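Please look over the sequence and the structure shown here before reading on. The report that follows takes up one topic under each heading.

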Amino acid sequence: MNSLDRLIKEKIQRELQAKTRRHFIKDCVTGMGGLALGSFFMSCNSFLGNNEKAKIALTERDINPLASMAPPFPAKVKSVIYLHMAGAPSQLEMFDYKPTLHKLNNQPCPQSLLEGKKFAFIRGVPKLLGPQAEFKQHGESGNWVSNFLPHFSKVVDEVAFLKAVNTDQFNHGPAQLLMHTGSPRLGRPSIGSWVTYGLGSENQNLPGFVVLTSGGKTPDAGKSVWGSGFLPSVYQGVQCRSKGDPVLYIEDPKGITRNLKKSTIDAINTINKEEFNEYSDPEILARINQYEMAYRMQTAVPEVMNINNEPEHIKEMYGVEPGKESFANNCLLARKLVEDGVRFVQLFDWGWDSHGDSHANAVDLGLRNKCTQIDRPISALLLDLKQRGLLEETLVVWGSEFGRTPMQENREGQEMAFKGRDHHGDAFTMWMAGGGIKKGASWGLTDEIGFSALEGQVSVHDVHATMMHLMGFDHEQFTFDFQGRPFRLTDVEGHVIQEILA
Amino acid sequence: MFEFRNIVTTETLKKNSVKKKVSYGILLISIFLLVIFVWKMLQPSDTVDFSADIKPILNKNCITCHGGVKKSGGFSLLFEEEAFANTESGVPAIIPGNAAKSPFIQRLKEDDPELRMPYKKSKLSKEEIELLTKWVDQGAKWGKHWAYTLPEKVEIPEATQSAGISSGDSEGFIQNDIDHFILRTLKNNDLEPSLPAEPNVIARRLAMDITGLPPNDSLFSDFTAGKITYENMVDELLSQDAYGEKWASWWLDQARYADTKGYESDMGRTMWQYRDWVIKAFNKDMPYDQFTIEQLAGDLLPNPSADHLIATAFHRNTMNNGEGGTDDEEFRVAAVVDRVNTTFEVWQSTTIGCVQCHSHTYDPFKNREYYNLMAFFNNSRDEDTSEDEPNLKFYNEEQQKEVTKIYEWIAKNESQEVAEKYKNFLTYTEPIYHSHLIKKFENGNVEGRLSLRDNGFCFLNNVYTQGAGYMYLKYSSGIDGTTMTIKKDDADGEILSQFVINKTSSTIVRKIPFKKINEKLNLYIEADNNNISPKSALGYFTWFAFLPDIPEHPSAEYMGIKDSILQLLNTNTPSLPIMVENPDYRNRTTQVFERGNWLMKTDTVEPATPKSLNAWNDAWPKNRLGLSKWMVSKENPLTARTLVNRVWQQIYGRGIVASLEDMGSQSDPPSHPELLDWLALRFMNEHNWSIKALVKDIVMSGTYRQSSKNNAKLYNLDPENRLYARGPRIRLGAEQIRDQALAVSGLLSTKMYGPSVMPPQPDGIWQTVYNGGNWVESQGEDKYRKAIYTYLKRTSPYPSFLTFDAGSREVSTVRRTVTNTPLQALVTLNDPVYLETAYHLAKFMGKSNNVDTSIREGYRKAVLEDISERKLAVLKELYNTSVADFEDKPKNIKEFIPFETDTNANLAALTVVANAIMNLDEFLTKS
């Protein structure tokens with residue numbers, strides 16, 4: 001084959017292949033590039049001068065991978081606050097009221113329910129366990145909420161329930177991964193990194209995707225639930241901590257004043273500009289931007305992470321405990337972060353694994369305490385967002401990796417010291433609130449004892465598709481090429497849950 | 001056809017000759033038309049090429065509905081036999097030689113949108129339809145993608161000076177054969193190579209690429225002073241121990257090596273002996289074929305050495321799920337699936353994982369073939385147990401002598417075969433029956449281990465004792481006087497063994513008489529003890545094992561051997577998870593999983609390799625050893641290409657095929673296809689799989705030695721440097737950033753090997769559930785070891801490495817994406833580790849009393865370059881500001897430099913300057 005022929009073939013092949021892959025994001029960037037470029041070069045003309053180098057064709061994302069981008073479709077919300085209760089709270093003590101289960105309390109579980117089922121700890125024939133909380137209908141919607149959540153009962157009309165969410169994973173680690181990355185195995189990007197990759201961040205002084213944890217532990221599946229998988233690692237969640245540096249290494253070393261740090265960064269960037277003039281490598285421009293952002297972040301992050309300056313009534317509303325690591329603090333921080341333009345705020349609260357093996361893990365004792373810990377802060381978060389007009393542009397999601405069985409757990413086939421329930425993924429409850437969500441809706445129905453879905457069963461992928469839809473993406477088109485194929489958050493599944501959309 | 005090609009070539013031309021004047025353009029177009037005319041005349045026929053012309057159209061427009069996942073209308077274009085088979089309509093869609101009668105072509109031209117293909121999409125372009133028509137008329141010849149055909153012998157392009165516009169630069173450019181390939185493409189694109197990089201620049205680039213560190217002072221000065229040649233420097237660097245450490249970190253990403261098991265509790269485990277094996281293998285330049293065989297199948301080699309067994313830990317780097325309530329079989333299968341996927345990703349650049357659920361969407365791999373491959377890996381002994389068995393035991397010298405003595409005695413008095421079995425059992429304690437195999441029990445539980453209460457019993461089925469007269473049992477117990485009874489089949493069965501267990505101080509291995517029966521047995525195991533509450537566990541049983549009997553001798557020697565065996569079995573030693581194959585009588589059958597679901601098993605399959613790749617040689621055993629030989633057969637089209645492509649990427653930051661993880665019809669086309677094949681063939685045939693020789697070829701090229709200076713024209717034409725008109729300029733990797741800072745400051749420890757270390761990290765990073773592990777900061781020189789020795793906890797890797805794009809090694813990583821985030825700047829500016837390095841560089845700078853000299857020396861030490869006056873002025877200003885600041889607030893000096901008592905404003909200011917130098921782009925980048 002002569003070289004001309006090869007060139008032609010190479011080109012045809014390249015073009016066709018480029019089209020085969022769904023270069024959605026790339027197109028988006030190129031599309032924006034022209035616009036963004038002008039402003040960029042205006043800002044750095046000072047050192048580029050009018051020489052040849054100014055003509056390098058760059059997109060804003062070449063310089064700043066977190067540059068904000070418009071979604072491909074009109075979005076209902078700008079930001080997401082995702083509240084994940086790690087360990088799996090019992091829907092049967094919180095939202096899914098089952099009077100029949102009460103009547104069947106202590107009855108052996110019918111064999112028909114157990115056949116073909118695998119449980120994490122239940123062995124043999126367990127007994128049914130009636131609801132350990134009292135339920136009432138609340139608000140105009142008349143949705144059921146238990147007495148474990150007295151504050152939340154008052155804001156129940158703000159949210160839309162999904163009562164029959166389904167997952168096929170019944171161990172914490174894999175189920176959390178599925179819930180946050182769309183796959184029970186490691187290696188896929190989390191929802192937050194997909195969103196940050198697709199939209200960038202509105203505030204260049206703060207990370208675009210922030211993770212806050214409470215309950216003393218990180219989630220079972222580790223950092224992968226906010227990892228970036230095969231997406232560039234710049235899109236992974238940044239864990240902001242209540243103790244120590246809020247972001248690792250954000251504080252200046254002792255003895256270094258802010259002014260001196262400013263001088264240091266100025267010196268670094270002046271030399272980097274010299275270096276750019278010599279090498280014309282746009283990576284150097286990205287580095288200059290990176291150091292400027294780091295400097296600004298050093299001020300912005302401690303500022304946004306400081307809740308002391310909030311008015312007393314706000315602190316009281318959330319029930320915050322400054323200086324500690326608490327879910328209440330994190331809810332208030334979540335509001336502050338979305339207010340400042342952070343794209344995705346992920347909260348994890350650990351301690352919901354009510355097996356009945358201890359006081360803390362009893363559905364009638366420890367679970368009630370956990371509910372008390374989140375009841376006020378969550379209600380305050382919804383109200384606070386609402387009073388600031390932020391709720392309409394924020395999506396708040398509450399949920400966990402799975403739910404719990406209507407049966408009482410009988411570890412090793414033996415009666416346990418406390419009342420507990422085993423892991424159960426067939427039908428559990430989640431809720432969403434905020435922009436684009438039908439207020440007071442409830443979708444999905446479980447059977448009389450809350451074991452299986454009767455109607456309105458939705459999958460984890462459906463939940464993801466719905467979140468993506470609200471953020472302005474078609475989950476089927478939002479893909480990333482890796483290992484020779486386009487990957488997406490919802491894999492090959494997922495339908496937008498229209499029933500809870502306004 | 002002519003018209004179509006003409007258009008495309010004109011466009012190519014336009015793109016390549018950017019901004020030529022219009023008249024030039026017209027002239028060139030005319031020349032091109034002439035060239036095309038001549039070319040047309042010279043071509044015997046313009047045969048349509050399946051891979052280049054047809055496959056991309058099919059992949060883009062057809063394969064989603066007519067491919068590996070969906071076969072709408074019973075028609076698929078993925079495999080040749082499917083494409084020409086009868087469709088649901090009863091006739092084939094493609095009739096070779098007759099496009100007019102082929103429904104495949106007819107449907108493309110339909111006006112009725114209900115009938116036209118692609119269904120409900122816009123019509124194919126006229127050109128595409130013409131190409132497809134022509135292809136069918138020419139006989140619809142199917143073709144293989146280049147990646148699945150063997151590399152062919154490639155002629156090295158001749159240096160055609162006449163083609164060049166100016167030839168001056170390119171003459172000095174050519175240093176070896178690689179450059180001919182590069183130069184031809186450059187010329188075709190109207191580009192000229194760049195000038196060679198300055199000696200100091202190339203010395204730093206080279207040392208970073210080969211050893212991950214800047215060159216040491218003497219090597220650097222010898223080269224820059226012209227005392228040694230460039231090649232001398234290359235050879236010297238390749239012979240340094242740091243070479244193995246640098247390249248091992250690349251391999252360990254692919255091997256998903258880590259110090260913990262992963263998943264929920266992410267407990268620690270000992271894997272570092274494998275890391276050391278990799279370093280040593282690189283340093284002794286183990287040929288890549290051997291490197292492959294030992295890691296995939298070292299245990300199956302004849303008389304495997306300890307090193308062979310250590311190598312197999314490659315596939316024990318899979319995660320192990322210790323979360324309560326998980327099914328060990330589910331995660332054993334997950335590990336096997338990971339091994340299949342990783343093997344194909346690492347050696348074949350093929351994402352075989354897709355094929356687990358359906359035939360590959362684009363590439364010629366069938367669903368069933370996945371399970372054929374899985375059958376190779378499905379027979380290893382590991383079963384996701386909490387102890388990670390099988391584990392290789394590392395005995396001390398004396399104990400090892402005992403093992404040899406036992407082996408020799410049995411070989412002499414019984415047989416080689418039996419001796420072998422004892423040696424293996426002492427070396428890695430296999431084969432054993434884990435108690436988690438027990439599925440049915442009463443008054444007891446199986447949660448990892450078996451526990452039985454009073455009147456408790458359970459069933460362990462399908463046990464083959466090989467007719468042994470003894471059973472080995474690993475157990476522990478907290479109470480005395482439990483009677484254990486093992487019966488055949490059930491409670492009424494024949495008693496096979498009865499014994500009493502008492503309180504043990506720890507978990508022990510005991511040898512217990514057992515009835516000799518040479519057939520597969522179902523064991524009924526019972527525990528009785530009336531002296532204790534029925535709620536208490538009487539014992540915890542880990543495994544059961546049987547070994548063929550050895551002749552009982554009345555001699556003292558025999559008694560010694562007998563005792564010694566038990567003693568060794570009860571000896572705790574350092575250990576490493578390894579691969580061990582099942583004995584024949586315990587072979588697992590492998591079944592196809594319906595839609596990838598491991599619980600829905602269908603057809604049974606045998607080990608086999610994909611049909612579209614190289615043929616199987618019947619001389620190879622049908623196990624992992626055979627598979628590894630198939631992989632390194634010179635007939636395999638992917639192994640050598642994959643390796644050379646990835647080594648190239650390590651050096652240039654981009655592969656010849658940019659999608660490193662995928663070579664197939666969806667991968668990026670190679671930028672230099674002939675060069676890829678030439679390197680692959682040379683690697684196998686001339687270098688005999690030597691990676692050092694390959695690296696040397698690449699770094700000796702003029703292509704590599706070019707200056708990395710860019711300019712607007714070059715950047716706009718080739719932003720990613722895929723044509724190599726300039727040298728590589730890439731930010732250093734996570735490991736190199738740390739190691740360079742330590743090296744430049746003089747803190748770096750060159751201590752090699754051993755358990756992983758824990759350099760300082762902020763408090764509160766480790767917060768894993770159900771895991772008591774703590775980060776215990778290493779002391780002394782272990783604080784300053786190279787990054788490769790840093791403890792890697794999968795759920796919580798070393799934070800500053802994570803920030804610089806190192807992964808968590810939960811799954812195999814073929815390519816790290818290089819990103820740029822403000823968090824990286826925070827690490828190198830504020831992390832105490834980096835401040836300490838800055839302080840030590842400052843101390844070096846402070847040897848001079850002249851600030852200018854100090855800064856010059858520090859910059860030179862760090863960047864290996866003389867500082868320009870302008871940069872010097874900037875740093876001097878920073879120094880002056882700092883001195884003033886510290887003199888103004890002397891309290892800050894002590895706070896900033898807590899390392900020493902004797903400090904002053906000068907040293908503190910120099911530390912600020914050193915910190916700035918160590919944050920410069922030129923420091924963080926290999927240019």
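## Contacts within chain B

In chain B, among the contacts with a separation of 6 or more, 68% are accounted for by residues 24 or more positions apart. This is a predicted model, and the contacts described here are those found in its coordinates.

Chain B contains 35 helices and 15 strands, and its C-alpha atoms fill a box of roughly 105 × 90 × 50 Å when the box is taken along the principal axes. Of its 927 residues, 49% count as buried.

## Confidence in the prediction

For the complex, the predictor gives an ipTM of 0.85 together with a pTM of 0.83. Chain B has an average pLDDT of 90, and 93% of the residues score at least 70.

Two stretches of chain B should be read with this score in mind. Over residues 1-22 of chain B the pLDDT stays under 50, and the model has 27 contacts beyond four places in sequence for them. Over residues 40-44 of chain B the pLDDT also stays under 50, and for these residues the model has 1 contact beyond four places in sequence.

## A helix of chain B

Helix α19 of chain B, made up of the 13 residues 416-428, reaches 18 Å from its first C-alpha to its last, which is close to the 18 Å expected at 1.5 Å a residue. After α19(B) comes Thr429(B), whose phi is positive, near 55°.

Which residues of α19(B) are buried? They are Lys421(B), Tyr422(B), Leu426(B), Thr427(B) and Tyr428(B). What covers these buried residues of α19(B) includes β1 (391-393), α18 (397-413) and α20 (556-569), which belong to chain B.

## Where the two chains meet

Between the chains, 81 residues of chain A are in contact with 89 residues of chain B. On the side of chain A that touches chain B, at least two residues each are supplied by α1 (3-20), α7 (172-181), α9 (258-279) and α10 (282-305) of chain A. It is α1(A) that gives the most to this side, with 14 residues.

## An enclosed strand of chain A

Strand β4 of chain A, residues 159-166, is largely enclosed by the rest of the structure, because 8 of its 8 residues are buried. One of its partners is strand β11 (residues 428-434) of chain A, which runs antiparallel to β4(A) and is joined to it by 5 bridges. In this pairing, Val165(A) stands opposite Phe428(A) of β11(A).

β4(A) also pairs in the parallel sense with strand β12 (residues 442-443) of chain A, over 2 bridges, and here Leu162(A) stands opposite Trp443(A). A further 2 bridges join β4(A) to strand β15 (residues 458-459) of chain A, and these strands run parallel. Val165(A) stands opposite Val458(A) in β15(A).

## An exposed loop residue of chain A

Is Ala417(A) buried or exposed? With 11 other C-beta atoms within 10 Å, Ala417(A) is exposed, because a residue counts as exposed if 12 or fewer such atoms lie within that distance. The place of Ala417(A) is in the loop between β9 (403-408) and β10 (421-424) of chain A. From C-alpha to C-alpha, Ala417(A) and Ala441(A) are 38 Å apart in space, while in sequence they are 24 residues apart.

Terms used
Residues are numbered from 1 along each chain as its sequence is written. Chains are lettered from A and ligands numbered from 1 in the order in which they are written. This is a predicted model: local features need pLDDT of at least 70, side-chain atom pairs count only at pLDDT 80 or more; totals for chains, interfaces and linings use all residues. Helices (H or I, at least four residues) and strands (E, at least two) are DSSP runs, numbered from the N terminus. A residue is buried if 20 or more other C-beta atoms lie within 10 Å of its own, exposed if 12 or fewer, and partly exposed in between; C-beta atoms are placed from the backbone. Two residues are in contact if their C-beta atoms, placed from the backbone, lie within 7 Å. The expected span of a helix is 1.5 Å times one less than its number of residues. pLDDT is the predictor's confidence in each residue, from 0 to 100. Two strands pair if DSSP finds at least two bridges between them.
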